[in-house]
Amino acid sequence: MTWSRITNIQKYEAALGYDYTNPSLLTMRWDTSSVENKKIITGITLPVAKVTRLLSEISPLASTITVVSSEGFPDQGRLYLGSEIIEYDGKLGTDKILVKNRGIGGSLAQTHLPGEVVSNQAFVFSVRAVSSLGSAYIPSMAGRPLLMYRTDVTEPTVPGAPKVMLAQGEMALTYQIDWQPSLDPESRAFYYEIQEREDTNPVWRTIALIPANKTGGADNSILLVGDPTVQTQGYAAADAPRQSGHFYSYRVRTYNAAGAVSVWSSESAPASTGQIPEAVKNVSNYPNPVDTRQGGYTTVTYLLGADSDVTITIYDLLGYKVHEWHFNPGDPGGWVDIEIPRRNF
Ligand SMILES: [Ca+2]
């Protein structure tokens, strides 16, 4: 956690509590961070919060709260709604919670909007400064609450494989990719990392990090690739024009607001940026050389200028044919594993 600096101080101190009136109840102490305006609190165990969302707006006086689901919440206790703490003493159906007291624990009863986080656990991170002139605390002994913190131990769901918005057989230097958004009921999808690889190169490179939501909350799971007039949050790699005669493949993963990351999506079908001038290009194999007597294998990759029959023939060093494979036009592209019989060659 970091905060803005103030001058004329001896040191900062930070603590974690369950509310605003006892800011150090959880850590049982104020941890010193010297004059650095940051502090990592360690050695604490934070219970995992049960989290839902507010379904309809409530005023500071409202005595019933409607949520997406009250399932898993105890029948009575505390609710953390935005930065307000609420005492409740009953549930009605699966979506209503009956309030006993609003604005407890030093919080203020406020208006809350649909979509705000509702949890049964949260932690308040507070910081205070010790004045260089003596033992005065700034702004006060109770410090200043900086953050209402909730635990989220589950990463977002895996986003769908990106789809390249080109018709079958269509080629373009600029195209859109989109994907099925990730879900994270606790802290929500925060941003997407999009990676690309070119042709048969196995190395992925990150071309953009984009916010997972537009202003107002709508999903933002679209990226325009290769258009230099678009400014993709400072990611020139996404906007640079793509080169003709290549195939580009994509994958996406998701970070939530708690910093957890999903696994990578499946790989997109490749986007083609134009005909490859040669009939066949980039023929290579790795590893090379390969010793099949030791059980080694090699992967042969190549790019074709157009759909066509492919015959791969392996000869030994004396010129004798060892093995041959045939592939038909329209066989799926991508990686093909070819097993080479064990023999000296
Ligand atoms: Ca989560």
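This is a predicted model: local features need pLDDT of at least 70, side-chain atom pairs count only at pLDDT 80 or more; totals for chains, interfaces and linings use all residues.

Student: What about tyrosine 80, which residue is its bridge partner in β8?
Tutor: Serine 119 is its partner in β8. Tyrosine 80 also has a bridge partner in β6, namely isoleucine 85.

Student: How many bridges do β5 and β6 pair over?
Tutor: Five, in the antiparallel sense. These strands form a hairpin with two residues between them, and glycine 82 there takes a positive phi near 60°.

Student: Zooming out a bit, what order do the strands of that open sheet have?
Tutor: The order is β3-β8-β5-β6-β7-β4, six strands with antiparallel pairing. β3 (51-53) and β4 (64-66) stand at the edges with a single partner strand each, so one side of each has no neighbour in the sheet. From one strand to the next, the twist averages 40°.

Student: Switching topic: which residues touch the most other members of the largest nonpolar core?
Tutor: Leu79 and Tyr80, out of 25 residues in that core. The strands β1 (9-17), β5, β6 (84-92), β8 and β9 (123-131) each supply at least two of its residues. β9 gives the most, with five.

Student: Then what is leucine 79 in contact with, leaving aside its neighbours within four places in sequence?
Tutor: Ile86, Tyr88, Ile97, Val118 and Asn120.

Student: And which residues does the second core include?
Tutor: Tyr175, Phe190, Ile207 and Val252 are among its 19 residues, and this core is separate. As background, nonpolar side chains tend to be buried together in soluble globular proteins.

Student: Last bit, the whole chain. How many helices and strands does it have?
Tutor: One helix and 22 strands. Its radius of gyration is 29 Å, well over the 20 Å that the globule rule gives for 345 residues, so the chain is more spread out than a compact globule. The C-alpha atoms fill a box of roughly 90 × 50 × 45 Å along the principal axes.

Student: What percentage of the residues are buried?
Tutor: Buried residues make up 24% of the 345. As for contacts between residues at least 6 apart in sequence, 57% join residues at least 24 apart.

Note on methods:
Residues are numbered from 1 along each chain as its sequence is written. Helices (H or I, at least four residues) and strands (E, at least two) are DSSP runs, numbered from the N terminus. The radius of gyration is taken over C-alpha atoms; the globule rule is 2.2 Å times the number of residues to the power 0.38. A residue is buried if 20 or more other C-beta atoms lie within 10 Å of its own, exposed if 12 or fewer, and partly exposed in between; C-beta atoms are placed from the backbone. Two residues are in contact if their C-beta atoms, placed from the backbone, lie within 7 Å. Two strands pair if DSSP finds at least two bridges between them. Axes are lines fitted to C-alpha atoms, for helices over the stretch in contact, and angles run from 0 to 180 degrees between N-to-C directions. A nonpolar core is a set of buried Ala, Val, Leu, Ile, Met, Phe, Trp, Tyr and Cys residues joined through C-beta atoms within 7 Å.
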